[in-house]
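The sequence and the model come next, followed by the description.

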Amino acid sequence: MDFTINEGQRNLTVPLLVESAILNDEGKLSFTGSLSVKTGKFTGRSPEDKYIVKDEITAKSVDWGKVNHPISEENFEKIFTRMTKYIHDNNLAQKLYTFDGFVGADISSRLSIRVITDRAWHSLFATQIFINASQEELSHFKPDFTLLSINDFASFPELEGTKSETFIIISFKRNLVLMGSTSYAGEIKKSMFSVMNFLLPKKGIFPMHCSANLGKDDRSALFFGLSGTGKTTLSADENRRLVGDDEHGWSDNGVFNFEGGCYAKCINLNKDKEPQIWNAIKFGSVMENVVIDPFTREPDFTDGSLTENTRVVYPLNFIPGAVIPSVCGHPSVIIFLTADAFGVLPPISKLSKEGAMYHFMSGYTSKLAGTERGITEPKETFSQCFGAPFMPLRAAEYAKLLGEKITKYNSKVYLINTGWSGGPYGIGKRIDLKYTRQMVSATLKGALDEVPYETHETFNLDYPTSCYDIPASILNPRNTWHDKNQYDFSAKRLAKLFINNFRKFEPTSAEIIKAGPHLN
């Protein structure tokens, strides 16, 4: 950094950061004891404003395109120079908050990070989402990567190569992330996730956008899925211990959490259905864009007037029985979650290694009407590796690591549809969460190892003919539709979308392509 950090505001305690945020008018204390903040015009990530500096390190390795946007070294240096000047000219150096800690619970592969920001609540966010350093570690701390976030600093698009005033830029040569003109804290964690996803494959470590938990038998499970598929809900199981809810690495040592906290969605949060998340919303946690009563300060989790993407961040130790340090053995079960709003995928299917690689690269789910501006009816989404915005390398590189791990550690893989049955969204019904939990339980207990399977002709998926006391009729999705011809039409439509989407990965192994949907 071209300025000296204020040691007096370095690694402040949670109470001091909460007090600072309130005194700075950054947020209010809610009835639950959590800090309630609003993130302004950005209530979610800004994928079009995220960049990676194109240099000799990244030029040939990054999968440039719609997701990974390049920016020149020259423009990066222009912005960085102006940011440091802005800090000096506005006497901000003494007002900035600094967090020092780690990404990665596995000491042998963790990344030392420094987060410098002009918001106390952003420093609190970093304190709760990343892994904290001990006092002894802080005494000689040197960051491998630094993130600098100045909320009120904007870029000059016409002069500095950005698309708007907002920017999130990663430089692997500088080991530096720059952020400006956005207050959405999710950018902080996702930037460091992206950094890990670029660095770890070079070490043979598989980085994953997934949650993980551990059974009483010490058998671990991974849950992959995009927003809205139930990844956090299904991994927060009172009968299992949470390892982490979002970002992990899989090395020869086993699975390890990147983070020291959780970042859960709050919209329609229900105390009975999600008690672990509900009870974690207390002093030390931060609620983003949750509407609270101005007098009682009670949160209304059903109110999505600010955004459907309401969030809460809290440390892992707020979850009873969480695994800390958050490491576990190699997963016995891997579950891919998809919320199929078209109601045509089986509620549960068993995948071969090649099938797992195919569906991992595809990363299919549905966006629903009303959850995003401009979406008026269900729309299919293919986000490669179940996390395209955070995966700088080509999908095939991550899929190769997945296949190698499945083979080496004999992990079983299942695709679970948490979406609709009996028809599409608006006609059919969402698959009962009770049934979904039973399906997850069946995979974890090995109850599906010996049951008969049938193969779905269109999707080429093997689905069980029985699963505990779940009605057998719903295991074949075609049975749940009144109009079988309409089901066949809808299934073939989605299969064609899968096939067309997968063409972007060509050339690809014929075995992987063969494991996907077929159109006769």
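## Aromatic rings

Seven rings, those of Phe206, Phe224, Trp250, Phe336, Phe360, Phe386 and Tyr409, form one aromatic cluster. The model is a predicted one, in which local features need pLDDT of at least 70, side-chain atom pairs count only at pLDDT 80 or more, and totals for chains, interfaces and linings use all residues. Residues are numbered from 1 along each chain as its sequence is written, and side-chain values use heavy atoms, with hydrogens and water left out.

The structure holds 30 aromatic pairs. Rings of Phe, Tyr and Trp (its six-membered ring) pair if their centres lie within 6.5 Å; planes under 30 degrees apart count as stacked, over 60 as edge-to-face and the rest as tilted.

Phenylalanine 360 and phenylalanine 386 form a tilted pair, with 6.4 Å centre to centre and 55° between the planes. Phenylalanine 360 lies in helix α9 (residues 353-362) and phenylalanine 386 in the loop between β23 (379-382) and α10 (395-409), so the pair ties together parts that are 26 residues apart in sequence. Helices (H or I, at least four residues) and strands (E, at least two) are DSSP runs, numbered from the N terminus. Both phenylalanine 360 and phenylalanine 386 are buried, where buried means under 20% relative accessible area, exposed over 50%, and partly exposed in between (1.4 Å probe, protein chains only).

Phenylalanine 382 and phenylalanine 498 form an edge-to-face pair, at 5.1 Å centre to centre and 80° between the planes. This pair links distant parts of the chain, with phenylalanine 382 in strand β23 and phenylalanine 498 in helix α12 (residues 484-502), 116 residues apart. Phenylalanine 382 has a relative accessible area of 18% and is buried; phenylalanine 498, at 1% relative accessibility, also counts as buried.

## Helix contacts

How do the axes of α1 and α3 cross? The axes of helix α1 (residues 14-23) and helix α3 (residues 120-129) come within 8 Å and cross at roughly 155°. Axes here are lines fitted to C-alpha atoms, for helices over the stretch in contact, and angles run from 0 to 180 degrees between N-to-C directions. α1 and α3 are therefore roughly antiparallel to each other. Angles under 35 degrees count as roughly parallel, over 145 as roughly antiparallel, 65 to 115 as roughly perpendicular and the rest as oblique.

On the α1 side the contact is made by Val14, Leu17, Val18, Ser20 and Ala21, and on the α3 side by Ala120, Trp121, Ser123, Leu124, Thr127 and Gln128. Contact means heavy atoms within 4.5 Å. By class, the contact of α1 with α3 has seven nonpolar, four polar and no charged residues. In this scheme Ala, Val, Leu, Ile, Met, Phe, Trp, Tyr, Cys and Pro count as nonpolar, Asp, Glu, Lys and Arg as charged, and the others, Gly among them, as polar.

α3 also meets helix α6 (residues 186-199): their axes come within 9 Å and cross at roughly 45°. α3 and α6 are therefore oblique to each other. The contact is made by His122, Phe125 and Ile129 of α3 and Gly186, Ile188 and Lys189 of α6. By class, this contact of α3 with α6 has three nonpolar, two polar and one charged residues.

## Buried polar and charged residues

Histidine 122, in helix α3, is buried, with a relative accessible area of 0%. Beyond its neighbours within four places in sequence, histidine 122 is in contact with Thr117, Ser149, Asn151, Thr182, Ser183, Ala185 and Ile188.

Aspartate 340 is placed in the loop between β20 (331-338) and β21 (348-351), and at 0% relative accessibility aspartate 340 counts as buried. Not counting residues up to four places away in sequence, aspartate 340 touches Leu345, Tyr364, Ser366, Asn417, Gly419, Trp420 and Leu494. Aspartate 340 and arginine 430 are 90 residues apart in sequence and 9.3 Å apart in space, C-alpha to C-alpha.

## Backbone details

| Residues joined | Omega |
|---|---|
| isoleucine 324 and proline 325 | about -5° |
| glutamate 506 and proline 507 | near 0° |

Proline 325 is in the loop between β18 (311-315) and β19 (327-328), and proline 507 is in the loop between α12 and α13 (510-514).

Arginine 297 is not a glycine, yet has a positive phi of about 65°. At 27% relative accessibility, arginine 297 counts as partly exposed.
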